Amino acid sequence: MLPLGNKTGAIAFALAFLGYQFLIHKVTLSGQITPITATLVFIPFVVAAGWAIALEVGLRLALLITTTMTILGLAWVNMFGLPPAIIFGLPHLVTNLFLMWFFARTLKDGREPLITSIARRVHGSLKPDIEIYTRRVTYAWSLFFLLQVVVSVGLYIFASLQAWSMFINILNVPLIILMFVCEYSYRILRYRDHQSSILSGLQFFSRDKSASKSTKAR
């Protein structure tokens, strides 16, 4: 069980994240673009980019790069402006296209699918049926992120602004969680001995990055 402090922190984070999503939904419906609203929309995008850059070049340089990019981006919006659809929809679009590419690139001939690699990190050698299954799950995640983009574009063109904003802001994370739950539920029923997950793989990935940085430091 998690300590009480960790539970309280997790609940507080979840509530803050939920409140933020509804705030961005409200900002999107207002259609008003200001440096403040643009900053609110791009905060998670900037944090994610900073985290990814920090894994490669270190925290200080990542902070410098992301801060510079943020200032330049806000200056551009303030001077030239951008259509509201770009400001409000770009983080969702870019994030899902990147994740689709991140998964799909490992499906090329001669490469090991991402989920297969994660499973191998956790379990070592894999049975042939597990290798086939993990390849299919990699396909499924690639398709999932592609569908996120397709549905977003379709809602923006054919549906109301409220429906589009609800999908990209409120439903985005719950749909990812639902995808996790559905895949995990099927896996524990179909392959009871196979309990790897993307989260466990990310833990291994983070450890490998930390280990490689320690080696370079020596």
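Helices here are DSSP runs of H or I with at least four residues, and strands are runs of E with at least two, both numbered from the N terminus. The model is a predicted one, in which local features need pLDDT of at least 70, side-chain atom pairs count only at pLDDT 80 or more, and totals for chains, interfaces and linings use all residues. Residues are numbered from 1 along each chain as its sequence is written, and side-chain values use heavy atoms, with hydrogens and water left out.

With these conventions in hand, the overall picture comes first. The protein contains nine helices and zero strands. Of its 218 residues, 28% are buried (under 20% relative accessible area, 1.4 Å probe, protein chains only). Among contacts (heavy atoms within 4.5 Å) with a separation of 6 or more, 68% join residues 24 or more positions apart.

After α5 comes G124, which has a positive phi, near 85°.

The partner considered next is helix α6, residues 128-158, whose axis comes within 7 Å of that of α5 and crosses it at roughly 130° (axes are lines fitted to C-alpha atoms over the stretch in contact, with angles from 0 to 180 degrees between N-to-C directions). The two helices are therefore oblique to each other, the class left once angles under 35 degrees (roughly parallel), over 145 (roughly antiparallel) and 65 to 115 (roughly perpendicular) are set aside. On the α5 side, L114, I115, T116, A119 and R120 meet E131, T134, R135, V137, T138 and W141 of α6.

Technical notes:
Buried < 20%, exposed > 50% of the residue type's maximum accessible area, 1.4 Å probe, protein only.
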